[in-house]
Amino acid sequence: MNIFKRFFSTNKLNDIFTPNTVAKLTYVTRSIIENDLEKYLSLPGKQIVIYGHSGGGKTTLLRNKLRDVKQNFIKTHCESNTTFNDLILQAFDELNRFYISEKTTNTEYSISNELKLEFTGISSQINTLLKESNGEKSVRIVPPQLTPQKLAKFLGEVSCVWIIEDFHKVVSEEKKRIADVIKIFIDAANDYEKVKIICIGAVGTARELIELDNNLNNRIAELFVPLLTDIEIESIVSRGFELLNIGIESDLRDKIVYYSNNLASIAHQICYDLCFHSGIKRMRFFPKKLRSDSFRVAVNSYVRKNSDTFSKIYDAIVCQQYGWNVLKTYEQLEKEALSFEEIKNNIPNNKRPTDEELINYLEQLGSSEYKEIIRLDRNSKKYSISSPFFKAFLKMKFALEQSEQKEINNKKKQKEI
Ligand SMILES: Nc1ncnc2c1ncn2[C@@H]1O[C@H](COP(=O)(O)OP(=O)(O)OP(=O)(O)O)[C@@H](O)[C@H]1O
Ligand SMILES: [Mg+2]
C-alpha cells in the first residue's frame, strides 16, 4: 500500500473485520451465485428464495448485490411468533424512509402526491388504532386499507424489493399467508417491474413455499448460498490484514482458515480478536507482523464467548464415557459424514458399547435434548454434525485440550529431570 494511502486511510478494525454486520471492505465476490441473483433481480415477477447455513453469507451477498445494482429495498425479520400482520406492519414502517423521511436511497424515485397522501393517512390510522387499543400490551392493528395489494403499490412506486429474513421461522399457517402475498407480488410486477419479495431462509427450507402452493413452482427462483470455500476465507483474511497494514505468517493464516470451518463470521471474529488483543484498532502507518502465538488468545476468546451455547452441549456429550471419542472421530478422520462402523471402530475397545447402545446414543444426540447436534442422513445412512458453528467450536476446543495436555506433559518431564 502506498505511503499516501496509508497516511490518509481511516480504515478502522471494526470496518474491516465484521463478524456481525455486512462485510464491505473485505467482501469476496461469489460470481456464480451473484450472477444468478442479478439475473433474477432483473426478471420482472420472479420471486427469490435465498437459503443456506447461518453465517454462510446470505445477507452479505444480497446486500452487496443490491447496492451494486442500485436497487432499493426494505427488510423485515421473522421470529417464531411473528404473524403475517406483524410483517405487513414492519414492511409499512420500513417504507417511512421513502415516503416520510425521504432518506438517501440506492435509486431515485418520485411518488405521486395522491399516493403520498394515502400513505400518511394509513400511517396516522395505525397510530390512532394503537391509542384506542388500551389493553395491557398495545397491539398494532393493520387498518383495512393496508392490503397486500396496496403494500405492493407502495413498494412499486419507490422501485423497492421486500426482503423477508428468516421466513422459515414462522408457523406454517402464517407461511401460507406469505405464499399468498407472493402471488399478489407476481401480479404487481405487471405494473411495477422491479417489485418483488426476496425470502431468506435456513438450509433445507427452499421448497417450503412451493410445497405450500404448487402454482409458485416456476415463479420462485431458489438460490443456495454454500459456506465459503477455504480460498474465499483465505482471501478475506489476507485482504483484511492488508487493509490494516499488518503482515501475518502463512501458518497463522492457515490456522484461521482451518478453525473457521468455512464460516466467514468466525474468520472475521478470530481476526478481530487477534488484532484487538494485539492492540491494533485501525490501519497502521508502519507495517507490523502478527505472531502465531497470538492465535491461542483469539481461540480462547471464541470458546469463552460460545461457552453458554456450545459448552453445555459439549459437556453433556462427553459425560458419556465414549461421547468424546464420537466427536473426536470427525476430526481424526477429517470427514463431514461418518458411517456407523467408522464411529464404532474409533471408540477404544475398553469403552466400546454394543451396537444397540451406540445406535440409541447417536439417536439421542439427534434429539432436541442435544439441540439435534448429530444428524442422520436416511439415504446415505451417515451421521454428520448439523451445525458448522459447533464443528468450528469443536476444532478449537480440541486444539486447546491438546495444548493444555502438552503443557502438563512438559511440566511432568521437567519435574522428572
Ligand atoms: N462474501 C463475503 N466476504 C467477506 N465476508 C463475508 C462474506 N459473506 C459473509 N461474510 C461475513 O460473514 C458474516 C456472516 O455473514 P451473513 O450475516 O451474511 O450470513 P447469513 O447467511 O446471512 O447468516 P444468518 O443466516 O445467521 O443471518 C458477516 O458478518 C460478514 O461479515
Ligand atoms: Mg442473514
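Two strands are taken to pair if DSSP finds at least two bridges between them; helices (H or I, at least four residues) and strands (E, at least two) are DSSP runs, numbered from the N terminus. The structure is a predicted model, in which local features need pLDDT of at least 70 and side-chain atom pairs count only at pLDDT 80 or more, whereas totals for chains, interfaces and linings use all residues. Residues are numbered from 1 along each chain as its sequence is written, and chains are lettered from A and ligands numbered from 1 in the order in which they are written.

In the sheet that contains strand 10, R375 stands opposite S384 of that strand. Strand 9 and strand 10 (residues 382-385) run antiparallel and are joined by four bridges. The sheet is open and comprises three strands in the order 8-10-9, with antiparallel pairing.

The protein chain as a whole contains 19 helices and 10 strands. Its C-alpha trace spans about 90 × 65 × 45 Å along the principal axes. Of the 417 residues, 32% are buried (20 or more other C-beta atoms within 10 Å of the residue's own, with C-beta atoms placed from the backbone). Contacts are defined by C-beta atoms, placed from the backbone, that lie within 7 Å; among those between residues at least 6 apart in sequence, 74% join residues at least 24 apart.

A nonpolar core is a set of buried Ala, Val, Leu, Ile, Met, Phe, Trp, Tyr and Cys residues joined through C-beta atoms within 7 Å. The largest such core has 52 residues, and I50, C160, W162, I163, I164 and I198 have the most contacts inside it. Helix 9 (residues 172-188) gives the most to this core, namely seven residues. Apart from this core lies another of 48 residues, which includes L244, Y322, Y330 and I385. When residues up to four places away in sequence are not counted, C160 touches N72, F73, I74, F98, L155 and V195.

Around ligand 1 there are 21 residues, of which A23, G57, T59, T60 and A264 come nearest (a residue is near if its C-beta atom, placed from the backbone, lies within 6 Å of the molecule). Helix 4 (58-68) and helix 13 (264-277) are the elements that give two or more residues to this shell. At least three residues of the shell come from each of domain 1 (29-224) and domain 2 (229-305), the bounds being those of an automatic or database domain assignment.

Note on methods: A residue is buried if 20 or more other C-beta atoms lie within 10 Å of its own, exposed if 12 or fewer, and partly exposed in between; C-beta atoms are placed from the backbone. Two residues are in contact if their C-beta atoms, placed from the backbone, lie within 7 Å.
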